[in-house]
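Let's take a friendly walk through this structure, beginning with a single residue and then stepping back to the whole chain.

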Amino acid sequence: QTLLTLQSLQDAWNRGMKGVYSTPDHQTPSLSAFINRANFLPLEGTEIKSLVLPLNIGPFLRLRGHWLAAQYAGSLHLTLAYLYFRLMKALHAAAGVEIVELPGLPEDWDRFWEKARKPYDAIFSRSRQALTWRFFQNPNHYTVYGAMEQGELAGYVAHRVSEDTGNRMLILADFLFLPGREAHLRALLLK
């Protein structure tokens, strides 16, 4: 598997791509499983960013200071975040975008996928079969929201909440939008 990863990385660099998504690095929480079970060795010099957001900053602040001050700061953070998200949600509602939770992939998925992948030279497959397994049949529970414009899918976000480290973390697993509709990501994150 390491040779495959190295070859994929080299192919991407040869084609002028500056990064390859989904290769575990030193920031990957499950790196030890990749090393022990998949004979994987992390690539030096690559940096992969993941969007993982703490839902409450209080536990992180407790590590660096007094517990009571951390509790108050965490509560204030949650209150301000809630007010911000409510305001942003109201502003996006006025923009004509309807945000809905998707219990499965919509009927127009294949048409959406064909349009959404056109601007990319390389993109991971988001076929109906792959995403149905990954987000709707997977033992890890994911929530998928769609941004609907006049009844048609304009983009989606898949996420889950993890408590692996003892803190609740929002993990953004996947998102994709039609060209020019990327601004809907904010509306979906506000949901």
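Arg126 counts as buried because its relative accessibility is 11%, where buried means under 20% relative accessible area, exposed over 50%, and partly exposed in between (1.4 Å probe, protein chains only). This is a predicted model, in which local features need pLDDT of at least 70, side-chain atom pairs count only at pLDDT 80 or more, and totals for chains, interfaces and linings use all residues. Residues are numbered from 1 along each chain as its sequence is written, and side-chain values use heavy atoms, leaving out hydrogens and water.

You will find Arg126 in the loop between helix H5 (109-117) and helix H6 (128-136); helices (H or I, at least four residues) and strands (E, at least two) are DSSP runs, numbered from the N terminus. Leaving aside residues up to four places away in sequence, Arg126 touches Trp109, Trp113, Leu131, Tyr156, Asp174, Phe175 and Leu176, a contact being heavy atoms within 4.5 Å. With Tyr156, the link is a polar contact between the two side chains at 3.0 Å. The Arg126 side chain also reaches the backbone oxygen of Phe124 at 3.3 Å. A polar contact is a pair of N or O atoms within 3.5 Å; within protein, one must be able to donate a hydrogen and the other to accept it, and residues adjacent in sequence count only if both atoms are side-chain atoms.

Now for the chain around this residue. The protein chain has 7 helices and 5 strands, following the pattern α-α-β-α-α-β-α-α-β-β-β-α along the sequence. Of its 191 residues, 32% count as buried.
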